[in-house]
Amino acid sequence: MAEKVLMKGNEALAEAAIQAGCRHFFGYPITPQTELAAYMAKRMPKLGGTYLQAESELAAVNMVLGAAAAGVRAMTSSSSPGVSLKGEGISYMAGSDLPAVIINVQRGGPGLGGIQPSQADYWQATKALGHGDFQILVFAPSTVQEMVDLVALAFDRADEYRMPAMILADGMLGQMMEPVVLPEAHDVAAHEKPWAASGHKNERKHNIVNSLYLTPNALESLVVERYKRYEIVKANEQRAEEYLVDDADVVVVAYGASSRVARSAVNKAREKGLKAGLIRPITLWPFPVDTLKKAARHVKQFLTVEMSMGQMVDDVRLAVECKVPVSFYGRTGGVIPTPKEVLGEIEKLV
Amino acid sequence: MKDLNMLLAGFGGQGVLFAGKVAAYAGLIEGRELSWLPSYGPEMRGGTANCSVCLSDEPIGSPLVTNPNVLIAMNRPSLEKFVNDVEPGGVILLDSSLIEIPVEREDVTVCRVPASKIAEENGLSGLANMVLMGKLFEVVGFCKEETLDAALQKCIPARKAAMLDLNRKAIALGRAS
Amino acid sequence: MAVVFQKPSTLTDAPLHYCPGCTHGIIHRLVAQAIEELGIEGKTVGVASVGCSVMCYDYFSCDMVQAPHGRAQAVATGLKRARPDNVIFTYQGDGDLAAIGTAETVHAATRGENITVIFVNNAIYGMTGGQMAPTSLPDQITQTTPYGRDVNTAGYPVRVCEMLSTLDGVALAQRVTVDSVKNVNIARKAIKKAFQNQIEGKGYSIIEVLSTCPTNWGLSPVDALKWLDENMIPYYPLGVYKDGVKGDRLK
């Protein structure tokens, strides 16, 4: 096995992308994700790749669109306010069936908000990243190791389903260091891209990468086709971790940084003899509905914990079809909940 | 080995993050679970800096240490801010050259180390952080002796190799204090 | 029978959708001809922008990408960086290039991005039905300047070639028009050179083509050409604003 190294989350995301065959990174500085761009700036020239600091988030995401259209693995990263700007390009990529990876190291909002960790972009990532009917894959790592593993998966699945994929991290995960094992370099050639605008070499008809369809019926059938693909994604790509769920009466549902707080709280609850467990969504879209449905058969109470005013909690309620009470505890604005606070909420529910 | 839930706090530039990194590398070398989480603010220099380090044999939950079993306070505001968060039975190490106020708690072990003074007097200006780490090692023993030195070597880049012996000296002085 | 004139092989058979008298058709031909003459169709990728020319992806027979409004040169940057051996061009109108895409334009130029930019300036937003463009002239009547463009409230037109020619990343900045056989020939050579420059790695090349919009100007095609001559050319003088290699002024 490869050696364990100590890495900051932001740097691990960057190195994992490189290992996944990404040689084209376009970014714009913003706290708390900047180490990622700085790492790329250092590594890419040595690999013959592209690091380009764009004039804006808009430009950066559209450079990614161009590189993705050319058929290469491309990535951009930002934090919340910058991701809002990237929404335009992401909608166009979804509408053009282009694969790419976008990283959001979330900070507090709305507006300029703050620079401390937050999870208030859940709705944006899973439901409203841009105009039009579309979804993107959303992965939510909770450790630095998982950041590494999910970047590789995001590139693979983005290529496989021809859609953008997002890593929804936060300032805590981006800034913290943990031991990681970096993966072996990926075999990228596995994904043929016959649709790419890479120059037809006078060997085929011209490829057009496009999201414009002026005939309503043509646009409708394309979108419907895309939604059929989304159903396949929903069937195959739901991921969640279950921790002490089997005999649990109260199950906390939390992702990313707040899931770590929740895990500590669940451990403390178990020490007190309380039957608490944790479901940690790893994919936020597709949401791990099946895992929650299964748990809802025996769990008496769900408690959703987020670093927001309550966003994912809606999806939890939809998943369990309101058959089991779902309550919510959250801190926002960059405040990180403590295990003690979450334990208090668990105790209230038991 | 016992879990370490450590909070290191001081001014930016006092080497709080670096000291935390040495502890984190010690954990890495010994194959333990660990996390290192810096606080980060808008300023590059001079603001408050603190850093959470967890070492454990179990997976780390929240990497943000809110109730440390070890607090290293390198200035008075840091001590005042975190003194009441320390777990009963925990340890507070403080730089007594910079912090004159007493710690009014009976349920924790307090080590007052004149770290800045010791560093200054030995030509190790700026290494009060490592003096305190030496003391921490002596009091808590968070890793093996050879691990500490190996961690130090990991944290000092080759181009700053001259700093290695100075750091070693600071740690030794802290241990003897 | 001898063929004396035919369309370049680099245009598809799709019928153009442009209004009668619009000069997009001529400019398309000149671009296609340059690609054909240089023998680069197989490695050329074009970027269509938002505006009247958005569907040029159907007309050019090379690979094409359609970009979000204003972002054509960012998309072109991504395409070029991904495959530096390919030849990348954008085809943009004035609203796309000089209003919503000004930042992308200026920064692609100043980076010396090795791409070819075809900029069609007709002093109006055509596709949305004749609103003020960044290049609409002072006192020009449009749907959104019904009393004429008042420079005190709507500001002054942008002279793109003059502005970009101050940037060190630019190799070629030239303004041409297609109102006469003579000028079409000048435009043809300029456009070909803008592609040739890219092949030779000289840096950013932009050809601004003054163009007509008879429909939204409310003029006949012939009168539109006359209006262009009498009003646009005095404000936007034809000519070469920069011709060299990126960075040459620093040497």
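1. What share of the 177 residues of chain B count as buried? The answer is 53%, where buried means under 20% relative accessible area, exposed over 50%, and partly exposed in between, with a 1.4 Å probe and protein chains only. Please keep in mind that this is a predicted model, in which local features need pLDDT of at least 70, side-chain atom pairs count only at pLDDT 80 or more, and totals for chains, interfaces and linings use all residues. Residues are numbered from 1 along each chain as its sequence is written, chains are lettered from A and ligands numbered from 1 in the order in which they are written, and side-chain values use heavy atoms, leaving out hydrogens and water.

2. The C-alpha trace spans about 40 × 40 × 35 Å along its principal axes. Chain B holds 6 helices and 6 strands, in the order β-α-β-β-β-α-β-β-α-α-α-α. Helices (H or I, at least four residues) and strands (E, at least two) are DSSP runs numbered from the N terminus. Among contacts in chain B with a separation of 6 or more, 55% come from residues 24 or more positions apart; contact means heavy atoms within 4.5 Å.

3. Now to the chain pairs. Of the 2 pairs that touch, chains A and C have the most contacts. Chains B and C share no contact, and their closest C-alpha atoms lie 27 Å apart. A residue to look at is A:S198, in the loop between β8 (177–181) and β9 (208–209) of chain A. Leaving out residues up to four places away in sequence, A:S198 touches A:A70 and A:R204, along with C:V45, C:D63, C:R83 and C:N86. A:S198 counts as buried because its relative accessibility is 15%.

4. The largest nonpolar core has 146 residues, with A:M75, A:F302 and A:I346 touching the most other members. Such a core is a set of buried Ala, Val, Leu, Ile, Met, Phe, Trp, Tyr and Cys residues joined through side-chain atoms within 4.5 Å. Helix α6 (residues 144–161) of chain A gives the most to this core, 10 residues. A second, separate core of 47 residues has B:I72, B:V113, B:I118 and B:L124 among its members.

5. Helix α9 (residues 221–235) of chain C would be my next stop. Its 15 residues reach 21 Å from first C-alpha to last, close to the 21 Å expected at 1.5 Å a residue, the expected span being 1.5 Å times one less than the number of residues. A kink of about 35° is centred on C:L228; the bend is the angle between axes fitted to the seven residues ending at a residue and the seven starting there. C:L228 is also one of the buried residues of α9(C), including C:A224 and C:M232.

6. Finally, some backbone points to check. Cis peptide bonds join A:T31 to A:P32, with omega about 5°, and A:G109 to A:P110, with omega about 0°. A:C322 is exposed, at 63% relative accessible area, whereas C:A123 counts as buried at 0%.
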